[in-house]
Amino acid sequence: MRLYEQTAADLSRMLQSREVSSVEVVRSFLERINEVDPHLKAFITQTPVMALDSGGEIDARRMRGETIHPLAGVPVAVKDNISTMDLRTTCASRILENYIPPFDATVISAIKKAGMPILGKTNLDEFAMGSSTENSAFYPTRNPWDPERVPGGSSGGSAVAVATGMAPLALGSDTGGSIRQPASLCGVTGLRPTYGRVSRYGLVAFASSLDQIGTVSTTALDGALLMSLVAGYDPLDSTSLPDQIPDYSTGLELDLKNLRVGLIRYGRVEGFDPQVTETVTQAASLLEEHGAEVGEVSLPLTDYGLSAYYLIAPSEASSNLGRYDGVRYGFCSDGDSVEAMFSRTRGEGFGPEVKRRIMIGTYALSAGYYDAYYLKAMKVRTLIRRDYEQAFKKFDLLLGAASPTPAFKLGEKTEDPLQMYLSDVCNITDSLAGVPSLAVPGGFSSSGLPIGLQLTARPLQEKLLLKAARFFEEQRQPAFLRPRLEYLEGGGSNEI
Amino acid sequence: MPVDFGKEVDYVARLARLSLEPGEKERMAGQLSEILETARRIQELDTTDVEPTSHVTELPAVLREDRIKLSLPLNRALQNSPRREKGFVKVPRITASEQAEE
């Protein structure tokens, strides 16, 4: 078995027992990237030299007998909207094409301190706005299960990198589903933590009341290991939660005897693939067979949630993206006046979806419309939170779909923004409520595309989500299935 | 009720400091009308006496001690600025010139 096919937990063990060196591990992933990425385009920037240097440094420290982090030497890929000092951070936008952050995001500082080599920066929808990674200003990323299909988005590059063994772990960000939906479409595990659980310092802002950094992994244990590293209080983020973090990675057995699970009934949500509904129902039965108490729960505001989200997120975005004016950083166009220079810079530097969201947000915040759109949407957000409070009085865990359909075709929704927005319908209300939510592989469609389950818990209950993900993993044979990449020589083995 | 965004596009684009090509404007007007029509569905909900949620964490405002810390050196802070000179960023003239005032 090749090193790039190992889980992060196994690599950690092999590194600690000195079965392998970090340089060997890094080299294996770099070779895999060279082989696979030209076909799938998961990375915007690759950092092989930096990764090998970092691996070499860890090997030297280990040889000297220094106490080092369990993940030291285990490489990671990072979504390209997370600031990395002296390493280009583009947000997949022309406007930041040459932006070199002079500082590290807090999660990057943690990763570097632990000695995890960074393999590169992964592709995304421009400024994380999108559900297919087609809104990248550079190129779309392709789904490894079917290269004619999208990987989901916006963290599509991170999901593809992990699904194909180009990285054992990745960081993504989730505003309205941007970790969970691509994880679902690529057949990996993706965790959106509780809002405030992982520092947002250095995450390029899209919608600040919703943005959250999270993990992409092949297994629940791997996600837990990375969460233990990146979660926790950060004085540099004023919305960071002060609560202690648990040890996410030990004691991951799910106690099914005392677990109440609410199976989400999607009322009048359109476009649900019956195979997705079937997969979710089977997952509920599985929990019930193993002793959990399963009931039905309705979150009646799900489709209103979508409407509220597409006012709140663009409103915050229109404000956050006001900073791109061509003065302090980024692309700059010409103009006789400051206003002309700003307008042209932004008109030429932003892609169509970013412009649409800036326009919606500016409109919703403008005089005469603020009350009817933005304020109303914030009130609906309160109603949605109440929905969840009610649901969590009866249930410990909510179970639903992580995406209404398996991966759709490239180009299928690019001309119809509203249809694209609807692909986040399962993910958005969790984001609005600020609760932790996780996508885990649930099965496959008849055409062999992954179908993801979504699990949601009370604030700060990430560990329960990881336990539940682990339970589903244990029920699967094999625990994790990789896509066979038939366009590569041999295709590679596909089991863990 | 459809939302006609056609008349608003120029005004909103100006507020957002976003220059749009003519074709882009038309396309956007259509798409935004459709999106806002869906977004308006929240009007169906009764939100009488409901407080808005702007943020989900109920944390108090965080204050820190007023202490001087190391900050970025000037050249680092300006390293990404596309037009700079002698430690300043350059922008087109902001104040009106005498000629323009005539």
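Me: Which residues form the salt bridge with Asp334(A), and how far apart are the closest N and O atoms?
Reply: Arg83(B) forms a salt bridge with Asp334(A), with the closest N and O atoms 2.9 Å apart, where a salt bridge is a side-chain nitrogen of Lys or Arg within 4 Å of a carboxyl oxygen of Asp or Glu. This is a predicted model, in which local features need pLDDT of at least 70 and side-chain atom pairs count only at pLDDT 80 or more, whereas totals for chains, interfaces and linings use all residues. Residues are numbered from 1 along each chain as its sequence is written, and side-chain values use heavy atoms, without hydrogens and water.

Me: How many salt bridges does the rule find across the interface of chain B and chain A?
Reply: The rule finds six across that interface of chain B and chain A.

Me: And how much area do the two chains bury?
Reply: Chain B and chain A bury about 5500 Å² between them, 64% of it on carbon and sulfur atoms, buried area being the accessible area (1.4 Å probe) that two parts lose on being put together, summed over both. In chain B, Ile42(B), Val56(B) and Asn80(B) lose the most area to chain A, together 11% of what that side buries.

Me: Switching topic, is Ser437(A) buried or exposed?
Reply: Ser437(A) counts as buried because its relative accessibility is 0%, and buried means under 20% relative accessible area (1.4 Å probe, protein chains only).

Me: What does its side chain make a polar contact with?
Reply: The side chain of Ser437(A) makes a polar contact with the side chain of Asp430(A) at 2.7 Å; such a contact is a pair of N or O atoms within 3.5 Å, and within protein one must be able to donate a hydrogen and the other to accept it, while residues adjacent in sequence count only if both atoms are side-chain atoms.

Key
Chains lettered and ligands numbered in written order. Buried < 20%, exposed > 50% of the residue type's maximum accessible area, 1.4 Å probe, protein only.
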